[in-house]
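Let's take a walk through this one together.

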Amino acid sequence: MSDARSLVALIPRLRRYARALVVERGAADDLVQDTLERAWSKLHLFRHGTNLRAWLFTVMHNVHVNRVRAARPTDMLEDDMPELAQQAAQGDALVVRDLERAIAALPTAQREVLLLVALEDLSYDETARVLGIPIGTVMSRLARAREKVRASMDGKTGSKLQVVK
Amino acid sequence: MSDETQTIGERDLQAWVDGRLSPERRAEVEAWLAAHPEEAERAAAYRSLSEQLRTHFDAVLEEPVPARLQETMAPRRRWRAAAAIAGWIAVGAALGGATVWQLQAQRGPVPVAQPEAPVIAHRAALAHVTYAPEVRHPVEVGADQEQHLVAWLSKRLGGDVRAPKLDAEGMALVGGRLLPRDPGPVAQFMYQCARGRRVTLYVRTEGPDQRETAFRFAREGNVRVFYWIDRKFGYALSSADLNREELLRLANVVYQQLNP
């Protein structure tokens, strides 16, 4: 496959990650669009034989970080969250709202690690390279992200680590 | 707290959740989890979270890709040829790859010191990275129709184009293709050695006022390029697989064959 076709073939994967990263659909596709444009102009820097998908996540990470930096410190997530909670109906829908809300409530740095590992199935090494951080940082952010999401979905603030039977 | 607590750390637990442990280590972690129900519950919750994430967001994979993302291959603000590229994605790789290549070339930095020559190196390198990795369609016309290929490219470039013979260097002609350029098209010949290493020769017509030049070397990403101008043609020999010395030797052979 040519680079162009490989890129096109990976768009659905980029959209999935972007949706989990920024939640709102239009904003997620904006992120994908900026990522594709940047990737396309930097394609000559991509090393053949390495993982194109991981490279694209690297590009997306950089684009996202720059956008977050440039944007207001609090984006639409804060405004949307109460609304999402009110919309929550019952059963599965409620779980989904809780999940989205819990993911959205994570600091970006932790959310990225959790999504790259748990959703995109990147190795810890790849995740470290994509985000440009040491693998130890990947592991600690991953642990913190998971515990925060679990606590938030349980409706608890404390960690079960401290529970003694 | 037992000794085991020291040996099974948070990292092991996370790796267990993600299924990234060796079978031996996994067995150790699972034995430890069996003895620590609180931790086991926590680990199970983390696993369940991963499953929920995938279940929830996998739905995005099934959505049709918005047209604007496919059209992104032709960034709208900078270029006029957006429609051409959007059309390409539907039409196929051969034509479109070349179109995209041309647009991409315009985006790259153009060194000021040598206004003309580095452009050829840059574009040749981009054409190389576009087609050299192709397994099924590296060329438009294969070496089995070499006469036709050379006649066709000569006609389109408006000059006597020749495909040098590099078999003595262990490089066999794969074939060639025509690439768009303004003004006038460009020819690309591709060669490959027995080990699959590839080299492309990019040939374009030069204006009447172009002087001959010595070999010059450029590097674009991981692609090395030797380029030169000789009478009415400009040439660029590109490869991501050969080192500089190998490529220079080949460039000399090409030059000598084209100037008997």
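Start with helix 2 (residues 10-17) of chain B and helix 4 (residues 37-62) of chain B, which pack at an angle of about 45° with their axes 9 Å apart. (Helices are DSSP runs of H or I, at least four residues, numbered from the N terminus; axes are lines fitted to C-alpha atoms over the stretch in contact, with angles from 0 to 180 degrees between N-to-C directions.) That angle makes helix 2 of chain B oblique to helix 4 of chain B, because angles under 35 degrees count as roughly parallel, over 145 as roughly antiparallel, 65 to 115 as roughly perpendicular and the rest as oblique.

Where do they touch? Leu13(B), Trp16(B) and Val17(B) from helix 2 of chain B meet Glu39(B), Ala43(B), Tyr46(B), Arg47(B) and Ser50(B) from helix 4 of chain B. Contact here means C-beta atoms, placed from the backbone, within 7 Å.

This is a predicted model, so local features need pLDDT of at least 70 and side-chain atom pairs count only at pLDDT 80 or more, while totals for chains, interfaces and linings use all residues. Residues are numbered from 1 along each chain as its sequence is written, and chains are lettered from A and ligands numbered from 1 in the order in which they are written.

Now find Val29(B), in helix 3 (residues 23-35) of chain B. Val29(B) counts as buried because it has 21 C-beta neighbours inside 10 Å; the cut-offs are 20 or more for buried, 12 or fewer for exposed, and partly exposed in between. Leaving aside neighbours within four places in sequence, Val29(B) is in contact with Ile8(B), Asp12(B), Trp16(B) and Leu21(B).

Key
Helices (H or I, at least four residues) and strands (E, at least two) are DSSP runs, numbered from the N terminus. Two residues are in contact if their C-beta atoms, placed from the backbone, lie within 7 Å.
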